[in-house]
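This report goes through a single protein chain, from its loops to its sheet and core. Please keep the sequence and the model in view while reading.

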Amino acid sequence: MAMKSLAPFSSGSPTRSADPFGGLRHDIERLFDDVTRGWQLPAVFRGDGLLNPRVDIAETDAGLELTAELPGIDEKDIDLSLDDDVLTLKAEHKAEKEEEDKKKRYHLVERSHGTYLRRFQVPFTPDAAKVSASFDKGVLKVSVPRAAVEDSKARKIAIGKAA
């Protein structure tokens, strides 16, 4: 039994006989590719004007370890906070402008600048007083320890008379 495609037209090269709009679609795709060539958005661009830093997150017995790549960021431009079990990482990457060289014409600009923002829900109750972070060579390392577990021994609860 021969398998048939559910697509209304063949997926091969567009032919006007098989797909009346195939040639037009091919021409529009080629035009779009030609116009947007070199306009690549950084892989970390979110579409809302914010950038996503690349992160690795690992959960251990001790807590959570987060490592984030923040290339070109100064330590003073990083804001790290923990509020209601949500870890927020915000960093500002400022554009470097060279005002004095007016003869320079850029052919390609791929380095991104803007605000990095990520929020992470911590999957356990963190010990906020013991959260630590270090920053070296564009890499931020954050350690979020677990809060000490209270002794959950069973205890008898007295029942009083209703008032």
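Where is the place of Lys 137? In this predicted model, Lys 137 is in the loop between β7 (132-136) and β8.

Lys 137 is not a glycine, yet its phi is positive, at about 55°. Most residues other than glycine have a negative phi. Lys 137 is exposed, and its relative accessible area is 78%.

Asp 85 also has a positive phi, of about 65°, without being a glycine. Asp 85 lies in the loop between β4 (78-83) and β5. With a relative accessible area of 29%, Asp 85 counts as partly exposed, because this value falls between the limits of 20% and 50%.

## Chain overview

Of the 163 residues in the chain, 22% are buried. The exposed surface comes to about 13700 Å², and carbon and sulfur atoms supply 52% of that area. Among contacts between residues at least 6 apart in sequence, 50% join residues at least 24 apart.

Strands of a sheet pair through backbone hydrogen bonds, either parallel or antiparallel. Here, four strands make up an open sheet with the order β2-β3-β8-β7, and the pairing is antiparallel. Its edge strands are β2 (54-59) and β7, each of which pairs on one side only. From one strand to the next, the twist averages 15°.

How many bridges join β7 and β8? The two strands pair in the antiparallel sense over five bridges. Ser 134 stands opposite Lys 141, a residue of β8. The loop between these two strands is the one that holds Lys 137.

In soluble globular proteins, nonpolar side chains tend to be buried together. The largest nonpolar core in this chain has 18 residues, of which Leu 70, Ile 73, Ile 78, Leu 87 and Leu 140 touch the most other members. The elements giving two or more residues to this core are β3 (63-69), β5 (86-93), β6 (114-121) and β8 (139-145). Two of these, β3 and β8, also belong to the open sheet.

Which residues does Ile 73 touch, leaving aside those up to four places away in sequence? The contacts of Ile 73 are Ile 78, Ala 91, Glu 92, His 93, Tyr 116 and Phe 135. Ile 78 is itself among the core residues that touch the most other members.

Definitions and conventions:
Residues numbered from 1 in each chain as written. Predicted model: local features only at pLDDT ≥ 70, side-chain atom pairs only at ≥ 80, totals over all residues. Heavy atoms only, no water. Core = buried A, V, L, I, M, F, W, Y, C linked by side-chain atoms within 4.5 Å. Buried < 20%, exposed > 50% of the residue type's maximum accessible area, 1.4 Å probe, protein only. Contact = heavy atoms within 4.5 Å. Areas by Shrake-Rupley, 256 points an atom, 1.4 Å probe, with all protein chains shown as cover. Pairing = 2+ DSSP bridges. Axes fitted to C-alpha atoms, helices over the stretch in contact; angles between N-to-C directions.
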